[in-house]
Amino acid sequence: MSPNITLTSLKMASTSPLILRVVATSVVVANRAGEIIRDIMSKGDLGIVEKGKNDLQTEADRSAQCSIIASLSSQFPGVKIIGEEGDSVSSDVPSDWNVTDSDPSVLALKCPDNLKSVKEDELVIWVDPLDGTSEYTQAWISKVTSLLDHVTVLIGVAVGNKAVGGVIHQPYYNYLKEGAPLGRTIWGIIGCGWGGFTIGSAPKDRRVITTTRSHLDATVQSALDAMTPDEVLRVGGAGHKVMLLLEGKANAYVFASGGCKKWDTCAPEAILHAIGGKLTDMVQGESYHYHAEVEHRNSRGVLATAPGEDHSWYFSRIPESVRQLLSGSSTSSR
Ligand code: AMP
Ligand code: MG
Ligand code: MG
């Protein structure tokens, strides 16, 4: 980077609205987390811990969260940050995990009026340091390297109840293409802009639905069947599935389960909404809330559709029995 660009970004970094500074910093922070995730895999000791049934944590989840939270909390001390790995991660952070840079192209955006004066205490950052841990561990144990594409780092920014900004980093993007840059980061802010990817047009002549590959059960399957898909893409991670919608590879993401959490959906939802798609629950068809006190589980399921899709059609197909089951597992309003 030339000295002039550095100076310009430093100036913008101090004068840009807070929301832009948080997303711009999150882009660089997510890239660093991706390097940490790759380093741990290449060193060959994942340090796997079972958090619950079909729910794993590795050294990569812990270290990536450590780096993300240390970096964001030192730059934005008044912002509430909620990470999937909770307080189980060490507060002892190597200095090269503490990222202070920010992405100049995000800093240079024109901020919409409604977000210009947002203050630190109005923001909540939802962090999933490694989305797709099942696939990350299986890629390592069974050497099924195609699963590495499913791994993402998710940093979502909420203002009040609403998911407004998001960053998704895919650390293994291009890993099979020799000479191509490894990893990519996509971002979006509602009403402001998006970047790092090209919007694709979802299939018009077929219905392609993406869903879980590692958390399938009878309820998930019955909601899927009700959508009469022509093709089902079973892939890991909420981040990766929403990427398929952003890039036009699937029409909808259907997950009739309370297994996803707010850190899984905040960033993907914000980016999807920034380009005109929609993510809601499956009981009332409403957006989830992302304030600091909300229930972590998305207990009413996840239904997301690509831009141009008729979300209400997918919602209308959800069987009443599935709606009943999902509304029964809810413990809070959203
Ligand atoms: P999947 O689509 O199965 O990859 O899940 C998307 C996200 O939700 C991942 O972060 C999963 O860990 C999480 N998730 C989904 N279902 C469950 C579950 N039954 N238990 C724990 N985590 C889940
Ligand atoms: Mg996750
Ligand atoms: Mg995770």
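Asn174 is buried, with a relative accessible area of 15%. That figure counts as buried because the cut-off is under 20%. The model is a predicted one. Asn174 is found in the loop between β6 (162-170) and β7 (184-189). Its phi is positive, about 75°, although Asn174 is not a glycine.

Lys143 also has a positive phi, of about 60°, and is not a glycine either. Is Lys143 buried or exposed? Lys143 is exposed, with a relative accessible area of 58%. Its place is in the loop between α6 and β5 (152-159).

Which residues hold the magnesium ion (ligand 2)? Its protein donors are Asp128 (OD), Asp131 (OD) and Asp264 (OD). Distant parts of the chain are linked here: Asp128 sits in strand β4 and Asp264 in helix α9, 136 residues apart.

Asp128 has 0% relative accessibility and counts as buried. Asp264 is buried too, with a relative accessible area of 9%.

The magnesium ion (ligand 3) has its own set of protein donors: Glu84 (OE), Asp128 (OD) and Leu130 (O). These lie 2.1 to 2.2 Å from the ion. In sequence, the donor residues are spaced E-x43-D-x1-L. Both Asp128 and Leu130 are buried.

How far apart are the magnesium ion (ligand 3) and the magnesium ion (ligand 2)? They are 3.6 Å apart. Asp128 bridges the two ions.

## His240 and its contacts

His240 is found in helix α8. It is buried, with a relative accessible area of 10%. Leaving aside residues up to four places away in sequence, His240 touches Asp131, Asp149, His150, Thr152, Gln170 and Val235.

## Val99 and its contacts

Val99 has its place in the loop between β3 (80-83) and α4 (104-107). At 9% relative accessibility, Val99 counts as buried. What does Val99 touch, not counting residues up to four places away in sequence? Its contacts are Val28, Val29, Arg32, Ser71 and Gln75.

Val99 and Ala30 are 69 residues apart in sequence. In space they are 9.5 Å apart, C-alpha to C-alpha.

## The largest pocket

Rolling a probe the size of a water molecule over the atoms shows where empty space is left. The largest pocket has a volume of about 670 Å³. Its lining is made up of 31 residues. Which of them lie nearest its centre? They are Asn54, Asp55, His215, Gly259 and Lys261.

Several elements give two or more residues to this lining: β2 (55-57), β4 (123-131), α6 (133-141), α8 (238-246), β11 (252-255) and α9 (262-274). Strand β4 is also where Asp128 sits, and helix α9 holds Asp264. Helix α8 holds His240. Domain 1 (3-195) and domain 2 (208-333) each give at least three residues to the lining of the largest pocket.

Definitions and conventions: Residues are numbered from 1 along each chain as its sequence is written. Chains are lettered from A and ligands numbered from 1 in the order in which they are written. This is a predicted model: local features need pLDDT of at least 70, side-chain atom pairs count only at pLDDT 80 or more; totals for chains, interfaces and linings use all residues. Side-chain values use heavy atoms; hydrogens and water are left out. On a 1 Å grid over the protein atoms alone, a cavity is a set of points where a 1.4 Å probe fits but cannot get out, and a pocket is an open set with protein on both sides within 12 Å along at least five of seven lines; lining residues have an atom within 4 Å of a point. Grid points are joined across faces, edges and corners, and a volume is the space filled by probe spheres set on the points. Helices (H or I, at least four residues) and strands (E, at least two) are DSSP runs, numbered from the N terminus. Domain bounds come from an automatic or database domain assignment. Donors are N, O and S atoms within 2.8 Å of the metal (3.2 Å for Na, K and Ca); water is not among the atoms, so sites may look incomplete. Buried means under 20% relative accessible area, exposed over 50%, partly exposed in between (1.4 Å probe, protein chains only). Contact means heavy atoms within 4.5 Å.
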